[in-house]
Amino acid sequence: MSTTDDSFTVNHEPINIPKTSLREKWWHIMDSWKIGIIPLPLFLLAGALIAIDCLGGKLPSDIVVMVATLAFFGFACGEFGKRLPIVGKFGAAAICATFIPSALVYYGLLPDVVVESTTKFYKSTNILYLYICCIIVGSIMSMNRTTLIQGFLRIFFPMLCGEVVGMVVGMGVGMALGLEPFQIFFFIILPIMAGGVGEGAIPLSIGYATLLHMDQGVALGRVLPMVMLGGLTAIVISGCLNQLGKRYPHLTGEGQLMPARDGEPDSAPDAAVSSGKTDVTTIASGALLAVLLYMLGMLGYKLIGLPAPVGMLFIAVFIKLVNGVSPRLLDGSQVVYKFFQTAVTYPVLFAVGVAITPWNELMAAFTISNLLVIVSTVSALVATGFFVGKKIGMHPIDVAIVSCCQSGQGGTGDVAILTAGNRMSLMPFAQIATRIGGAINVALSLLILSKFLA
């Protein structure tokens, strides 16, 4: 055998080896080495540019700079969570993308200009609602009509059973630990199932301030940590359920609540995944459809008080059921959904962690008794959803992940929980669990409390 720079011989026959050019090596790095979805060279460039702005003492909060900033930090935190041994497979990416930024802010490890710009951008743009509306509309438009109807009709029963069992178990554990029943229910269990911060913790604190004659800030300080710990527990459980589904595929529909019926011609999705031929105008129309439906939801909120995401959800379901948009536009909506799911999730979670997740309040609630009550309540709620869902012919893991959202931190929690469970297509049902379920819990509980104190 003899060799040269570009060939060698085998049995006296030359064989040419193609050389890898420097350009091709560079392309390989760009395509293969990534932090999240960002090619490593671009990630390093983004970090350098952000550092230059930070050293200059000002990081603009406009959308151009914020896209790069949130992507850099969000995917860095998510990638760190994914690469953690063992827990990386159980939802650690979503947890790290949300809570690492919160801790960095509290301990002063994140530059002040990044914190200020991120907070200003998050609160002024309401980017979370843009994210949620694109996810909801895209997932609904890609669902099979029959499955959509059956899913909405059946999901309420596992949710109701889960809440009842969760409350009973939580009360039992709390009383066994020597806690007062009143404190267990109204300041631990109810905040967990109240639907998050804006729709749950704040209305509860206002109600408690009025009925219990206490300062609203004090009430909110006691309620908010329970909401956060309940959401954190739900994220971990959702990640575990995702791994359970990989081990036992027959227990999950991978984002579908209802199993397809044998021989049913309409069992396939109405809008298939984009073949890649969807043009730019169709994708833009899909995004505009989501925005306009959310604006209709906002109008509904002004008229009848129904939360805008829920109103938008109902309108989207109605349009889907009456075939109100063309298959091509449905396909465009699904492309928008997949874009936001892939490219926007971790940046949004980072912004949430920086802007509205107080690390000190989360840590203050980390007592053994609180943790035991919260973990037992959420676990019982989710386990009940799992077994009831299986009993009534639904995919138990997917039902259980929706049940996790009953104890999530509002829309923010839904994003983190479904990301950990890799079931973002369940967002419509998660919104039902969070928004409607939480509102009912808050209203009924405050009504009971007022009658009890009368």
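Author: Ala, Val, Leu, Ile, Met, Phe, Trp, Tyr, Cys and Pro count as nonpolar, Asp, Glu, Lys and Arg as charged, and the others, including Gly, as polar. The model is predicted, so local features need pLDDT of at least 70 and side-chain atom pairs pLDDT 80 or more, while totals for chains, interfaces and linings use all residues. Residues are numbered from 1 along each chain as its sequence is written, and side-chain values use heavy atoms, without hydrogens or water.

Start with the cavities (sets of points on a 1 Å grid where a 1.4 Å probe fits but cannot get out; lining residues have an atom within 4 Å of a point). There are three cavities of 30 Å³ or more. A volume here is the space filled by probe spheres set on the points, which are joined across faces, edges and corners.

The largest cavity holds about 60 Å³. Its lining consists of T98, F99, G231, L232, I235, L349, Q409, T412, G413, A416 and I417. Six of these residues are nonpolar and five are polar, with no charged residue among them.

Helix α17 (residues 396-404) has nine of its nine residues buried, where buried means under 20% relative accessible area (1.4 Å probe, protein chains only). Among the buried residues of α17 are P396, D398 and C404. D398 forms a salt bridge (a side-chain nitrogen of Lys or Arg within 4 Å of a carboxyl oxygen of Asp or Glu) with R423, at 3.0 Å from N to O. Since R423 sits in the loop between α18 and α19 (427-453) and D398 in helix α17, the pair ties together parts 25 residues apart in sequence. Both R423 and D398 are buried. E254 joins D398 and R423 in a network of salt bridges. In total, the model has four salt bridges.

Key: 1 Å grid on protein atoms, 1.4 Å probe; cavity = no way out; pocket = protein on both sides within 12 Å on 5 of 7 lines; lining within 4 Å. Buried < 20%, exposed > 50% of the residue type's maximum accessible area, 1.4 Å probe, protein only. Helix = DSSP H or I, 4+ residues; strand = E, 2+ residues; numbered from the N terminus.
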